[in-house]
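Me: Hi! I'd like to talk through a structure with you. Could you keep the answers plain?

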Amino acid sequence: MAAYRRKLFAVGLSCAASLMSRSSCQSRRRLAVLPTLLKKNWMSLSVTGALCAVPFIQKPENVTHEDLVRRASSLVTDSANTYLSQTTLALIDSFSGYIKAINSLMAIHKRYVASISKLASAEEDAFWQLILRQRQEVIDRRNDCKRFESCWMTAINLSKLAAEAAFNAGSDQASATAQNSLQLTQSQVEPVRQQMLEAERHLKDSKAEDSERLQSALSTAMEDEDVPDAYLRED
């Protein structure tokens with residue numbers, strides 16, 4: 001009886017080994033096929049992914065190059081319009097902040113001029129420290145305007161190119177949308193720009209930024225090292 005059980009156990013081990021061997025061979029065959037499948041799938045995904053960059057309804061093989069170029073031009077105009085919108089908002093905000101800084105500087109300077117005969121030496125120095133800080137605020141805001149206006153002009157040029165590309169590709173609607181966005185943003189920026197130019201004229205007339213007393217205060221501050229060099233220069 002014991003010999004019979006040992007025989008059954010040996011047969012069981014042999015079957016298990018055979019099954020494991022077949023399973024291992026099948027696994028190896030699957031692994032051997034896997035790179036080929038991955039390569040095929042990757043090629044398929046690559047082609048499909050490239051085409052999926054542009055929405056389409058037809059099957060990929062039924063889409064013409066003209067269709068893809070036209071739809072790509074629509075995506076370009078969408079991106080250009082988004083960039084134009086963001087730079088327009090940034091530019092208008094920078095203009096508004098600059099105008100506000102100019103008005104604050106002129107108001108402080110006007111108060112100083114009106115009360116100069118009543119000020120003690122310490123009070124006058126405090127006034128000029130305030131004027132110096134506000135002058136630096138004007139300089140910073142002016143530099144922001146220059147920076148964002150450069151970005152805005154780049155966005156304008158990109159939108160013009162996108163509109164032209166869409167028109168040449170036959171995407172008339174995308175071209176018209178880009179042109180409308182150009183006209184709208186320019187109409188939004190121009191009034192604020194005129195307000196900024198007017199504020200700059202008033203600032204120049206007031207001498208609040210370039211008065212002899214201010215230049216003297218700047219020189220004194222530089223000698224005393226009470227004011228950083230940033231107060232003394234404009235980018």
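Me: In which kind of crossing does helix 2 pass helix 3, left-handed or right-handed?
Reply: Helix 2 passes helix 3 in a left-handed crossing. A crossing is called left-handed if the near helix is turned anticlockwise from the far one by less than a right angle, and right-handed if clockwise. A word on the source: this is a predicted model, where local features need pLDDT of at least 70, side-chain atom pairs count only at pLDDT 80 or more, and totals for chains, interfaces and linings use all residues. Residues are numbered from 1 along each chain as its sequence is written, and side-chain values use heavy atoms, with hydrogens and water left out.

Me: Thanks. What angle do helix 2 and helix 3 pack at, and how far apart are their axes?
Reply: Helix 2 and helix 3 pack at about 160 degrees, with axes 6 Å apart. That makes helix 2 roughly antiparallel to helix 3. Angles under 35 degrees count as roughly parallel, over 145 as roughly antiparallel, 65 to 115 as roughly perpendicular and the rest as oblique. The axes are lines fitted to C-alpha atoms, for helices over the stretch in contact, and angles run from 0 to 180 degrees between N-to-C directions.

Me: And which classes of residue make up the contact of helix 2 with helix 3?
Reply: The contact of helix 2 with helix 3 divides into 31 nonpolar, 13 polar and 9 charged residues. Here Ala, Val, Leu, Ile, Met, Phe, Trp, Tyr, Cys and Pro count as nonpolar, Asp, Glu, Lys and Arg as charged, and the others, Gly among them, as polar.

Me: Let me step back. How many helices and strands does the chain have?
Reply: The chain comes to 5 helices and 0 strands, running α-α-α-α-α from the N terminus on. Helices (H or I, at least four residues) and strands (E, at least two) are DSSP runs, numbered from the N terminus.

Me: Where does helix 4 come in? How does it lie against helix 2, roughly parallel or roughly antiparallel?
Reply: Helix 2 (residues 65–115) and helix 4 (residues 172–206) have axes that come within 9 Å and cross at roughly 15 degrees. The two are therefore roughly parallel to each other. Their contact has 17 nonpolar, 13 polar and 2 charged residues.

Me: What about helix 3 with helix 4, roughly parallel or roughly antiparallel?
Reply: The axes of helix 3 and helix 4 come within 10 Å and cross at roughly 160 degrees, and the two helices are therefore roughly antiparallel to each other. By class, that contact holds 13 nonpolar, 5 polar and 6 charged residues.

Me: How many residues does helix 3 have, and how far does it reach?
Reply: Helix 3 (residues 121–169) has 49 residues and reaches 72 Å from its first C-alpha to its last. That is close to the 72 Å expected at 1.5 Å a residue, where the expected span is 1.5 Å times one less than the number of residues. Helix 3 is followed by G170, whose phi is positive, near 90 degrees.

Me: Which residue other than glycine has a positive phi?
Reply: K207 is one of those, with phi near 65 degrees. K207 is found in the loop between helix 4 and helix 5 (212–224). For background, most residues other than glycine have a negative phi.

Me: New topic, aromatics. How many aromatic pairs are there in the whole structure?
Reply: A search of the whole structure finds 2 aromatic pairs. Y112 and W128 form one that is edge-to-face, at 4.7 Å centre to centre with 70 degrees between the planes. Y112 lies in helix 2 and W128 in helix 3, so the pair ties together parts that are 16 residues apart in sequence. Rings of Phe, Tyr and Trp (its six-membered ring) pair if their centres lie within 6.5 Å; planes under 30 degrees apart count as stacked, over 60 as edge-to-face and the rest as tilted.

Me: Which residues do ring pairs link into a cluster?
Reply: Ring pairs link Y112, F127 and W128.

Me: Are Y112 and W128 buried or exposed?
Reply: Both Y112 and W128 are buried. Buried means under 20% relative accessible area, exposed over 50%, partly exposed in between (1.4 Å probe, protein chains only). Of the chain's 235 residues, 30% count as buried.

Me: And is H109 buried or exposed?
Reply: H109 is buried, with a relative accessible area of 9%. Its place is in helix 2. H109 and F127 are 18 residues apart in sequence and 8.6 Å apart in space, C-alpha to C-alpha.

Me: Last one: is K110 buried or exposed?
Reply: K110, also found in helix 2, is exposed, with a relative accessible area of 64%.
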